[in-house]
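Hi,

Here is the structure I promised to pass on. Have a look first, then read my notes below.

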Amino acid sequence: AVLVLSSRHMLNSLEESWEKGKQAVEQQRQSFHRLVMAMYPKFASDGLLLAEQAQIVVEVEQATVLFSDICSFTAQTNTITASALLEWLGYTFGVMDHVARFYRVYKVKTIGDAYFAICGPACLMDDDGAEERHGSPTLRMLRFASDCAQIFSGVYEHPDAGACVKEMAQKSAILARNARAAKRNRTSVATGSTSK
């Protein structure tokens with residue numbers, strides 16, 4: 001009887017461990033699926049998750065790639081606080097994301113102070129009608145880059161710009177003025193000057 005009880009207890013423990021292991025594996029699988037879906041466009045994540053393809057290769061007729069970098073970023077990081085830097089980068093990339101959606105440009109990722117985007121492959125995003133409204137992928141990317149440069153330099157005057165894009169240009173100018181004022185204040189404190 002003791003042997004039967006001991007065997008039953010071991011079997012129950014083994015079943016419990018098995019169930020916990022299955023649950024842990026399922027949680028990891030779901031976490032992996034969410035991560036892949038967040039990192040890749042839908043067509044690529046679907047192919048990877050369904051294990052139909054080990055490699056995702058798509059033939060596109062025309063595509064334009066943009067890799068932009070913030071000029072003098074390293075030098076600028078020495079003049080502002082970490083929280084101001086994060087706010088500035090978050091705002092800058094947020095504006096670029098908004099303009100990218102307007103022109104149907106797909107942001108691949110941000111890498112530090114760099115913005116990596118592609119325009120053209122319809123599989124990356126809903127591209128219906130974008131070419132008729134904004135031109136070829138190359139022209140859309142040029143307009144995207146030009147509009148972003150104009151917003152951040154404060155001279156945005158695109159005739160098709162919505163109120164939100166113009167508002168972003170104004171906010172960008174305010175942030176730039178605040179950053180310059182903060183730099184002046186830090187410089188005057190560092191040199192012992194009391195004037196602002």
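How many bridges join β2 to strand β3? Five bridges do, and the two strands run antiparallel. (Helices, H or I with at least four residues, and strands, E with at least two, are DSSP runs numbered from the N terminus; two strands pair if DSSP finds at least two bridges between them.)

Before you go on, keep in mind that this is a predicted model: local features need pLDDT of at least 70, side-chain atom pairs count only at pLDDT 80 or more, and totals for chains, interfaces and linings use all residues. Residues are numbered from 1 along each chain as its sequence is written, and side-chain values use heavy atoms, with hydrogens and water left out.

Back to the hairpin. Lysine 107 stands opposite alanine 117 in β3. Two residues sit between the strands of this hairpin, and glycine 112 has a positive phi near 65° there.

Now look at α4. Its 22 residues should span 32 Å at 1.5 Å a residue, and the end C-alpha atoms are 32 Å apart, so the two agree. (The expected span is 1.5 Å times one less than the number of residues.) Several α4 residues are buried, including Leu85, Phe93, Val99 and Tyr103. Here buried means under 20% relative accessible area, exposed means over 50%, and partly exposed is in between (1.4 Å probe, protein chains only).

Arginine 104 lies in the loop between α4 (82–103) and β2 (106–111) and is partly exposed, at 25% relative accessible area. Serine 72 also has a positive phi near 60°; you'll find serine 72 in the loop between β1 (64–69) and α3 (73–77). Most residues other than glycine have a negative phi.

What about disulfides? The structure holds zero, where a disulfide is a pair of cysteine sulfur atoms within 2.5 Å. Cysteine 71 is exposed, with a relative accessible area of 63%, while cysteine 119 is buried at 0%.

Last, the surface: Leu35, Met39, Tyr40 and Leu48 make a nonpolar patch with about 360 Å² of accessible area together. (Patches take residues with over 30% relative accessible area and no salt bridge, joining like charges within 9 Å and nonpolar side chains, Val, Leu, Ile, Met, Phe, Trp or Tyr, within 5 Å; a salt bridge is a side-chain nitrogen of Lys or Arg within 4 Å of a carboxyl oxygen of Asp or Glu; areas come from the Shrake-Rupley method with a 1.4 Å probe, and for residues only the protein chains shown count as cover.)

Cheers
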